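Please look through this model before you read my points. Keep the sequence and the 3D view side by side.

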Amino acid sequence: MKALLNLIGSLFVYKSPDPLDGFRHNLELLPTRKLKQLAGTQTHYSKKRLVQIIMQNSSDSSIRQASYLALYK
């Protein structure tokens with residue numbers, strides 16, 4: 001009975017998103033040309049791949065700050 005109530009109650013519990021999900025979402029809204037600049041490549045990649053490259057390279061906070069600034073230029 002308790003397991004059933006926990007299962008039903010878990011539907012109403014808020015789960016916080018990953019802190020980088022918002023950053024990733026905002027990057028996907030940028031044009032491909034801007035993503036190529038942030039990724040440091042001129043090669044043709046899909047937007048998802050460019051965002052993955054930026055996220056891999058953005059382990060350093062200075063790169064992340066530069067990316068945030070590029071979002072609002």
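This is a predicted model: local features need pLDDT of at least 70, side-chain atom pairs count only at pLDDT 80 or more; totals for chains, interfaces and linings use all residues.

My notes follow as numbered points.

1. Now the fold. The chain has five helices and zero strands. Read along the sequence, the pattern is α-α-α-α-α.

2. Next, the interior. Of the 73 residues in the chain, 22% count as buried. Buried here means under 20% relative accessible area.

3. Find the largest nonpolar core. It has 10 residues. They are Phe23, Leu27, Leu30, Leu35, Ala39, Leu50, Val51, Ile53, Ile54 and Met55. Three elements, α2 (21-28), α3 (32-39) and α4 (47-57), each give two or more residues to this core. Which of them gives the most? That is α4, with five residues.

4. Then the surface. The chain exposes about 5,800 Å². Carbon and sulfur atoms supply 58% of that area.

5. Last, the aromatic rings. A pair of aromatic rings is described by the distance of the centres and the angle of the planes. How many aromatic pairs does the chain have, if ring centres must lie within 6.5 Å? The count comes to zero. Tyr45 still deserves a look: the charged end of Arg49 sits over its ring. The distance from that charged end to the ring centre is 5.9 Å.

Terms used
Residues are numbered from 1 along each chain as its sequence is written. Side-chain values use heavy atoms; hydrogens and water are left out. A nonpolar core is a set of buried Ala, Val, Leu, Ile, Met, Phe, Trp, Tyr and Cys residues joined through side-chain atoms within 4.5 Å. Buried means under 20% relative accessible area, exposed over 50%, partly exposed in between (1.4 Å probe, protein chains only). Helices (H or I, at least four residues) and strands (E, at least two) are DSSP runs, numbered from the N terminus. Accessible areas come from the Shrake-Rupley method with a 1.4 Å probe; for residues, only the protein chains shown count as cover. Rings of Phe, Tyr and Trp (its six-membered ring) pair if their centres lie within 6.5 Å; planes under 30 degrees apart count as stacked, over 60 as edge-to-face and the rest as tilted. A charge sits over a ring if NZ of Lys or CZ of Arg is within 6 Å of the ring centre and within 35 degrees of the ring normal.
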